[in-house]
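Here are a few notes to go through with the model open beside you. Take them one at a time and find each residue as you go.

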Amino acid sequence: MSQTLTQRDILEIKRHEGEWRSSTGLRYDTVPWKLYEKAKKFFWDPAQIDFSQDAKDWQRLSEEERLAAAVLARGFMVGEESVTLDIVPLIIGVADEGRTEEAIYLTTFALEEAKHVEFFRLWFDAIGEDPQRIYDLADERRKQAGVQFDPTEGMFNSQLPKVMRRVLFDRSPQAFLDCGLTYNQFVEGCLAISGYKLWSQFFEDTGGFPGLQQGLMWVRRDEGRHITYGTYLCRRILAEHPELMDFARERLVELGNYYFRYFFGFPIDREVVRGFFDENGNLDRSKLPPAELMQIEQRLVEFLATFMYNAWDQVDRRIQVLEKALELSEEEAILGAGAEDAERELDTIVA
């Protein structure tokens, strides 16, 4: 198959009667199939979670605590909606490559991401908080500060859809690699994993919220599988095309700079974020921009700074995981050797 497809090519793709994988034999020993088995085993339903205690716990929080939690929850929710809407092109792409085991596993993505959207929205409904208020508040503060903002630009608004849709017609190794880097490695592996650390701190500081804690545990278990597949996908491609390693390194840093460029209302890169912390990774509040300057609460400033620091740490660690792909044989790459172990070390696998 050509790497670049025309509309006619896409419409006229055909499958061979004698080459159906279910007939010739499935690879049960690969990481994608193992993840598919786990997806079936650990199914859950957001509608069965009881949020009644969460609603009571929400009432005892300060407005500052509520804002920090709502910002984090809305960030997760819209991110989950984005990946729900944009996973389909990758399923089509790997299917057209004849990678049936991967396509079968990827069908679980759409359902699980949709459940995550439902989970966060049900939580917002239960506690009586309007997540759109968070957007409106941020938009008003941007206007007051004179910050230019395009609501159609951003990681979930333009970057992810563009990257994922590319594989509808571009079947090059780099196009598939970019899907894995952007979707699984950065959005899920860096942003979401860093967010879970903030949730842990939130629960430690406030206590309670049993429904939210239960759901997040299940969401994280799902995401652990998603990220592991992304590591599998990227390492499979890099093992076969080691010349793309420089692209992978540069792309993850580029994604970090793109996502965090206006988190505080002005450009901010990795070195600026690191400057907020001491050599042991402890936040030095005296180095943070004044909360009054950004017109947001001090707790939220600390919240966002910690989130960015954790995410950049994940970027560096993920680059090291991907570099190990260069040591894999062709068969090891197809099987996914080391992918699950790598994610356990990165604290993304819990089941």
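How many salt bridges does a search of the whole structure find? The search finds 31, where a salt bridge is a side-chain nitrogen of Lys or Arg within 4 Å of a carboxyl oxygen of Asp or Glu.

1. Some housekeeping. This is a predicted model, where local features need pLDDT of at least 70 and side-chain atom pairs count only at pLDDT 80 or more, while totals for chains, interfaces and linings use all residues. Residues are numbered from 1 along each chain as its sequence is written, and side-chain values use heavy atoms, with hydrogens and water left out.

2. Start with Glu-63 and Arg-133, whose side chains meet in a salt bridge (3.4 Å, N to O). The pair links distant parts of the chain, with Glu-63 in helix α5 and Arg-133 in helix α8 (residues 131-145), 70 residues apart. Helices here are DSSP runs (H or I, at least four residues), numbered from the N terminus. Glu-63 is partly exposed at 43% relative accessible area, and Arg-133 is partly exposed at 30%. For these labels, buried means under 20% relative accessible area, exposed over 50%, and partly exposed in between (1.4 Å probe, protein chains only).

3. Now look at Glu-323 and Arg-249, another salt bridge (2.8 Å, N to O). This one also links distant parts of the chain: Glu-323 belongs to helix α15 (residues 298-323) and Arg-249 to helix α12 (residues 245-260), 74 residues apart.

4. Asp-313 and Arg-317 form a salt bridge as well (3.8 Å, N to O). Why are they about one helical turn apart? Because they are four residues apart in helix α15. Salt bridges that share partners also join Arg-270, Glu-271, Arg-274 and Asp-316 into one network.

5. Have a look at helix α7 (residues 100-127) too. Its 28 residues reach 42 Å from first C-alpha to last, close to the expected 40 Å, which is 1.5 Å times one less than the number of residues. Just after α7, Gly-128 takes a positive phi of about 80°.

6. Last, the rings. The whole structure has 27 aromatic pairs, meaning rings of Phe, Tyr and Trp (its six-membered ring) with centres within 6.5 Å; planes under 30 degrees apart count as stacked, over 60 as edge-to-face and the rest as tilted. Tyr-259 and Phe-260 have ring centres 5.1 Å apart and planes at 80°, so they are edge-to-face. Phe-260 is buried, at 0% relative accessible area.

Technical notes:
Helices (H or I, at least four residues) and strands (E, at least two) are DSSP runs, numbered from the N terminus.
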